[in-house]
Amino acid sequence: LLQMLFSLGAVLVYVVLAYKTPQQHPGQAVFFCLLYTAGIAYAIAQGPRLMGCFVLVLMWGAVAGYSAAMSRVLLHSLVSDGQRGRASALYQMVLLGLAPVGSLVCGLLLQWRGTTIALYVITSVSILVFMGFLLNKSLWAVKQS
């Protein structure tokens, strides 16, 4: 059920984005998704009630879907027309190729430290990556082409 809610959140975002005006600065949207992820992971770590957990997982799926969509827009905005296919293929290969590694790392973390610590790690890493990107303002200013 949780996986279904996560996926539903991502699909809902794709449907909404299909009818919405394009985001002017996709880099800003991607970076703020890191903060939203941190907030959602922290909220789940606090042990919400069952319905609250369902809502948070749905929101997490929506944030993940929005982040993925804006990452592709950002990639297409940064790459020249002649290189977009190659860049997209590389992006997909890295994204899908590293997913099993991330699953293994999460599984080990869950086994060694438990769910709450894993959620705190997600929260901390998301905030640290956001702070790192604050120092690189060039991606913030990218306009959608």
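Q: What does the secondary structure of the chain come to?
A: This is a predicted model, and in it the secondary structure of the chain comes to five helices and zero strands. From the N terminus on, the elements therefore read α-α-α-α-α.

Q: How does the radius of gyration sit with a compact globule?
A: The chain has 16 Å, which agrees with the value near 15 Å that a compact globule of 145 residues would have. Along its principal axes, the C-alpha trace spans about 45 × 30 × 30 Å.

Q: Now the inside: which residues touch the most other members of the largest nonpolar core?
A: That core has 25 residues, and those touching the most other members are F31, I40, I44, W60, Y66, M70 and L119. Two or more residues each come from α1 (2-18), α2 (26-45), α3 (50-78) and α5, with α3 giving the most, ten residues.

Q: And what does Y66 touch?
A: Leaving aside residues up to four places away in sequence, Y66 touches V13, L17, K20, Q23, A29 and C33.

Q: Switching to the surface, which residues form the nonpolar patch there?
A: The patch is formed by Y42, I117, Y120, V121, V125 and V129, which together have about 470 Å² of accessible area. Helix α5 (residues 115-134) supplies the largest share, five residues.

Conventions
Residues are numbered from 1 along each chain as its sequence is written. This is a predicted model: local features need pLDDT of at least 70, side-chain atom pairs count only at pLDDT 80 or more; totals for chains, interfaces and linings use all residues. Side-chain values use heavy atoms; hydrogens and water are left out. Patches are made of residues with over 30% relative accessible area and no salt bridge: like charges are joined within 9 Å, nonpolar side chains (Val, Leu, Ile, Met, Phe, Trp, Tyr) within 5 Å. Accessible areas come from the Shrake-Rupley method with a 1.4 Å probe; for residues, only the protein chains shown count as cover. A salt bridge is a side-chain nitrogen of Lys or Arg within 4 Å of a carboxyl oxygen of Asp or Glu. Helices (H or I, at least four residues) and strands (E, at least two) are DSSP runs, numbered from the N terminus. A nonpolar core is a set of buried Ala, Val, Leu, Ile, Met, Phe, Trp, Tyr and Cys residues joined through side-chain atoms within 4.5 Å. Buried means under 20% relative accessible area, exposed over 50%, partly exposed in between (1.4 Å probe, protein chains only). Contact means heavy atoms within 4.5 Å. The radius of gyration is taken over C-alpha atoms; the globule rule is 2.2 Å times the number of residues to the power 0.38.
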